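Biologist: Hi, could you walk me through this protein? Let's have it on screen while we talk.

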Amino acid sequence: MERAIPNMASTDTRQFGDLATQLAQESRRSTLTDTLFKYNDSLVRTVIREQRSLEDLINSAITAQADNATFTGDAPALLLYQTAVLRNKRCLLAYHTHRLDRLKDMYWALGGALPALLADNDLRSRLSPHEVDFLRKYNASIMEFRGEFSAELDIASSVTHPPRDLHALVRVVRDCGVIQTELGTIDFQKGQRFMVRRADVEHLIVQGYLEEV
């Protein structure tokens, strides 16, 4: 943008949209490094404040135009402000969509095991409260959908490496307690081996509690 943000110090040459562009650049760095950075709450809030300032400028320009039907001097300014608003919105949406997509990828990488995902304190510290709420609601929706046909298909199982057999011989790598399976309840204790229906333990294999033998 060509117009500097008003009410800033004279040494500040920042333009409309610069801060929102930083969010887009942060998303790109996240993709290139395959890392989910800490939620940038301060920058997001600053961009939102800029949006409100732009809306005030738009309203002032419209009011000035309405007061004088022959005055058209604010038309270029209106176009500038509206373009900045739309750009900021696109950057905000891109930033949050990128983060939610990465969270969903992490969720499925663990076989839909939300407790295991949120138990990662390092990851948890990088999330905003709204992102944690999103994961919980996303998990609830998946569980509701999954329950409708759990006897026929496990949607949490891998689609890139489909199983060759319905049953699998597994060894317990880490204690994971009593699990309800097709054969009844099984107490999976470290070092033991079991032949079980794959769909019953797929999530435990993904999480690293069991390994196929």
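Modeller: A definition to begin with: the expected span of a helix is 1.5 Å times one less than its number of residues. Helices (H or I, at least four residues) and strands (E, at least two) are DSSP runs, numbered from the N terminus. By the way, this is a predicted model, where local features need pLDDT of at least 70, side-chain atom pairs count only at pLDDT 80 or more, and totals for chains, interfaces and linings use all residues. Residues are numbered from 1 along each chain as its sequence is written, and side-chain values use heavy atoms, with hydrogens and water left out.

Biologist: What span should helix α6 have?

Modeller: Helix α6 covers residues 129-147, so its 19 residues should span 27 Å at 1.5 Å a residue. Its end C-alpha atoms are 27 Å apart, which agrees.

Biologist: Which residues of α6 are buried?

Modeller: Glu131, Val132, Leu135, Tyr138, Asn139, Ile142 and Arg146. Buried means under 20% relative accessible area, exposed over 50%, and partly exposed in between (1.4 Å probe, protein chains only).

Biologist: What covers the buried residues of α6?

Modeller: The cover includes α3, α4 (114-118) and α5 (121-125). On the face turned away from the buried side, α6 carries the exposed residues Pro129, His130, Lys137 and Glu144.

Biologist: New topic: how many helices and strands are in the chain?

Modeller: Seven helices and five strands. From the N terminus, the order is α-α-α-α-α-α-β-β-β-β-α-β. Of the chain's 213 residues, 35% count as buried.

Biologist: And how many aromatic pairs does the structure hold?

Modeller: Six. Rings of Phe, Tyr and Trp (its six-membered ring) pair if their centres lie within 6.5 Å; planes under 30 degrees apart count as stacked, over 60 as edge-to-face and the rest as tilted. Tyrosine 39 and tyrosine 95 make a tilted pair, 6.0 Å centre to centre with 45° between the planes. Tyrosine 39 lies in the loop between α1 (18-33) and α2 (41-67) and tyrosine 95 in helix α3 (residues 75-109), so the pair ties together parts 56 residues apart in sequence.

Biologist: Are tyrosine 39 and tyrosine 95 buried or exposed?

Modeller: Tyrosine 39 is buried, and so is tyrosine 95. Phenylalanine 188 and phenylalanine 194 also form a pair, this one edge-to-face, with 5.0 Å centre to centre and 70° between the planes. Both of those, phenylalanine 188 and phenylalanine 194, are buried. Then there's one aromatic cluster formed by Tyr107, Trp108, Phe134 and Tyr138.

Biologist: What about phi of aspartate 34?

Modeller: Aspartate 34, in the loop between α1 and α2, has phi near 55°, a positive value in a residue other than glycine. Most residues other than glycine have a negative phi. Aspartate 34 is exposed, with a relative accessible area of 58%.

Notes:
Contact = heavy atoms within 4.5 Å.
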